[in-house]
Amino acid sequence: MNKVFMSGYYQGVVETAPATLSAAKVEQLAVTMTILHLRLAGESVTTIHDFLANDIHADPRIINKYINLSANKLRFSQAQVMQLAFKE
């Protein structure tokens with residue numbers, strides 16, 4: 001895993017998230033997108049967890065809540081956050 005690239009990926013999600021989202025929802029979105037991306041790239045759960053916790057310093061509660069979810073559940077979580085962003 002290229003940590004510089006993945007740090008940029010995470011930061012890119014944070015910076016482009018809709019402004020209507022709370023900081024917690026932005027972090028949830030960034031964590032779930034990063035987990036999904038790294039899992040699809042074949043990284044182990046331990047590697048993903050350590051990267052998010054030690055390199056990104058993401059909220060451990062958010063990491064632990066989403067680290068073991070399936071790809072479909074991660075996508076569903078992302079969709080729920082985006083739905084909140086565009087709710088009228």
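1. Read along the sequence, the chain of this predicted model follows the pattern α-α-α-α-α, and its secondary structure accordingly comprises five helices and zero strands.

2. As to overall dimensions, the C-alpha trace spans about 40 × 25 × 20 Å along its principal axes. A compact globule of 88 residues would have a radius of gyration near 12 Å, and because the protein chain has 12 Å, its value agrees with that expectation. Of these 88 residues, 35% count as buried. Among contacts in the chain with a separation of 6 or more, 68% are accounted for by residues 24 or more positions apart.

3. The interior deserves a paragraph of its own. In soluble globular proteins, nonpolar side chains tend to be buried together. Here the largest nonpolar core has 24 residues, and those with the most contacts inside it are Tyr10, Leu21, Val31, Ile35 and Leu52. Two or more residues of this core come from each of the elements α1 (3–16), α2 (23–40), α3 (45–56), α4 (60–66) and α5 (71–85), with α2 giving the most, namely seven residues.

4. Tyr10, which is among the core residues with the most contacts, touches Glu27, Ala30, Val31, Thr34, Leu52, Ile56 and Ala58 when residues up to four places away in sequence are not counted. Two of the residues it touches, Val31 and Leu52, are themselves listed among those with the most contacts inside the core.

5. Leaving aside neighbours within four places in sequence, Thr34 is in contact with Met6, Tyr9, Tyr10, Phe51 and Leu52.

6. The packing of α2 against α3 can be described in some detail. Two packed helices are described by the angle between their axes and the distance between the axes. For α2 and α3 the angle is about 145 degrees and the axes are 10 Å apart, while the crossing of α2 past α3 is right-handed. On the α2 side the contact is made by Val31, Thr34, Ile35, Leu38 and Arg39, and on the α3 side by Ile48, Phe51 and Leu52. Sorted by class, this contact has six nonpolar, one polar and one charged residues.

Notes:
Residues numbered from 1 in each chain as written. Predicted model: local features only at pLDDT ≥ 70, side-chain atom pairs only at ≥ 80, totals over all residues. Heavy atoms only, no water. Core = buried A, V, L, I, M, F, W, Y, C linked by side-chain atoms within 4.5 Å. Buried < 20%, exposed > 50% of the residue type's maximum accessible area, 1.4 Å probe, protein only. Helix = DSSP H or I, 4+ residues; strand = E, 2+ residues; numbered from the N terminus. Contact = heavy atoms within 4.5 Å. Axes fitted to C-alpha atoms, helices over the stretch in contact; angles between N-to-C directions. Left-handed = near helix turned anticlockwise from the far one by under 90°. Nonpolar A, V, L, I, M, F, W, Y, C, P; charged D, E, K, R; others polar. Rg over C-alpha atoms; globule rule 2.2 N^0.38 Å.
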